Amino acid sequence: MNWLGTPASDAQPGVERYLAEVAARLPGSPRAHRDIVAELRSGILDATDAHCSAGLPPAEAVQAAIDEFGDPARVADGFSAEIATGLARRAAVVVLVTGPLVGVLWIVTAVASHIAPHHQWADLPPGLQVGVPLVAVAAGVTACGALFGIAATGRLTRWLPDLCRRAPAAAAVAGFGAIGAEALGLALLGAQLATAAGTLSPWPAAAAAAASVARLMFARRAAFRCLAIRTGLT
Amino acid sequence: MRAETLKGHLDGILLAVLEPEPRHGYAIMEALRDRSAGQVDLPTGTIYPALHRLERTGLVRASWSTVGGRRRRVYELTSAGRRALETERSTWRDFSAAVTALLQPMPLAVSPQ
């Protein structure tokens with residue numbers, strides 16, 4: 001097996017060169033292209049068999065099959081749009097699903113630390129009074145971006161195929177929203193630690209902080225990848 | 001027939017080819033050529049992204065299967081795909097009837113002497 005996952009018996013240098021040319025133009029990692037490359041390979045080998053059966057000598061049959069599949073750039077363009085759509089959809093789903101999970105950990109922290117529901121809103125430190133609504137705004141932006149990204153990559157695109165083009169941008173908005181929400185959450189934790197560290201319940205706070213850091217890192221990676229793929233599409 | 005001419009109809013054509021039975025990519029291409037008596041001859045590589053798009057939108061379902069030692073991705077219509085094909089058929093019938101009527105040669109208007 002080579003890096004493209006070819007069984008040695010089917011390896012044809014011309015075919016592998018063509019597949020490598022397609023793969024080199026696809027966004028994302030080679031691992032993500034493995035199934036696409038395998039499917040194209042089996043198609044080209046089927047085409048080669050068909051040309052052989054029609055009477056071409058093997059070497060010419062391979063070349064005829066490659067010619068029949070068309071310009072590698074054009075094949076890659078077709079798949080790039082699909083890969084971008086899939087990437088945007090996954091990013092939007094992960095960001096949307098993890099938001100409430102991380103949120104619950106912060107609420108547990110607030111309850112365990114006797115910040116909520118024991119304090120009236122007016123009694124809370126000014127940092128929290130400003131920070132919590134900002135987190136809510138960031139979460140709202142995230143949810144809107146993510147929901148649009150999911151809608152723009154699903155069944156709706158049967159009727160509105162061009163909607164997919166907007167999905168990477170929407171997923172990037174969701175990603176930046178999530179970065180904002182998590183960074184604010186961590187900043188509020190930092191402020192609380194600096195001013196009233198003794199009141200915080202350590203385990204829930206540590207779990208919430210770890211979850212926020214993980215989500216922030218995922219969102220950052222996803223947002224920049226979606227931005228990059230969006231630029232590549234236009 | 002070039003890809004540009006087929007633009008907008010490729011999805012419906014792929015669904016129609018998959019209606020009788022599930023097929024893998026190259027068999028779909030062969031069926032396209034056979035059923036159009038060689039008139040449809042797209043670069044074969046371009047139908048694969050179209051099939052992936054149909055899969056994402058739930059109109060076809062794909063699965064890997066090994067036949068004769070070669071792994072192939074086999075596509076079959078979903079029930080949503082069958083419904084979409086019916087819609088595509090009736091839209092096309094209306095469209096082609098209208099365009100046929102419009103392209104019909106008209107008797108030339110006789111100018112008054």
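## Confidence in the model

pLDDT is the predictor's confidence in each residue, on a scale from 0 to 100. It is a handy guide here, since what you are looking at is a predicted model. Chain B has a mean pLDDT of 90, with 94% of its residues at 70 or more. Within chain B, strand S1 (residues 23–24) has the highest mean pLDDT of its elements, 96, while helix H1 (residues 3–6) has the lowest, 72. For the model, the scores are ipTM 0.86 and pTM 0.81.

## The sheet of chain B

Let's turn to the strands. Chain B has an open sheet of three strands, ordered S1-S3-S2, with antiparallel pairing. Because S1 and strand S2 (60–67) of chain B each have a single partner strand, they stand at the edges, and one side of each lacks a neighbour in the sheet.

S2(B) and strand S3 (residues 70–77) of chain B run antiparallel and are joined by eight bridges. To find one residue pair in this part of the sheet, look for B:Trp64, whose bridge partner in S3(B) is B:Arg73. Helix H4 (residues 47–56) of chain B packs on the sheet, where it touches S2 and S3 of chain B. The direction of H4(B) makes about 125° with that of S2(B).

## Where chain B meets chain A

Across the interface, 19 residues of chain B are in contact with 21 residues of chain A. On the chain B side, helix H3 (25–35), H4 and S3 each supply at least two residues. H4(B) gives the largest share, five residues. So what is the make-up of the side of chain B that touches chain A? Its residues divide into six nonpolar, seven polar and six charged.

Notes: Residues are numbered from 1 along each chain as its sequence is written. Chains are lettered from A and ligands numbered from 1 in the order in which they are written. This is a predicted model: local features need pLDDT of at least 70, side-chain atom pairs count only at pLDDT 80 or more; totals for chains, interfaces and linings use all residues. Helices (H or I, at least four residues) and strands (E, at least two) are DSSP runs, numbered from the N terminus. Two strands pair if DSSP finds at least two bridges between them. Two residues are in contact if their C-beta atoms, placed from the backbone, lie within 7 Å. Axes are lines fitted to C-alpha atoms, for helices over the stretch in contact, and angles run from 0 to 180 degrees between N-to-C directions. Ala, Val, Leu, Ile, Met, Phe, Trp, Tyr, Cys and Pro count as nonpolar, Asp, Glu, Lys and Arg as charged, and the others, Gly among them, as polar.
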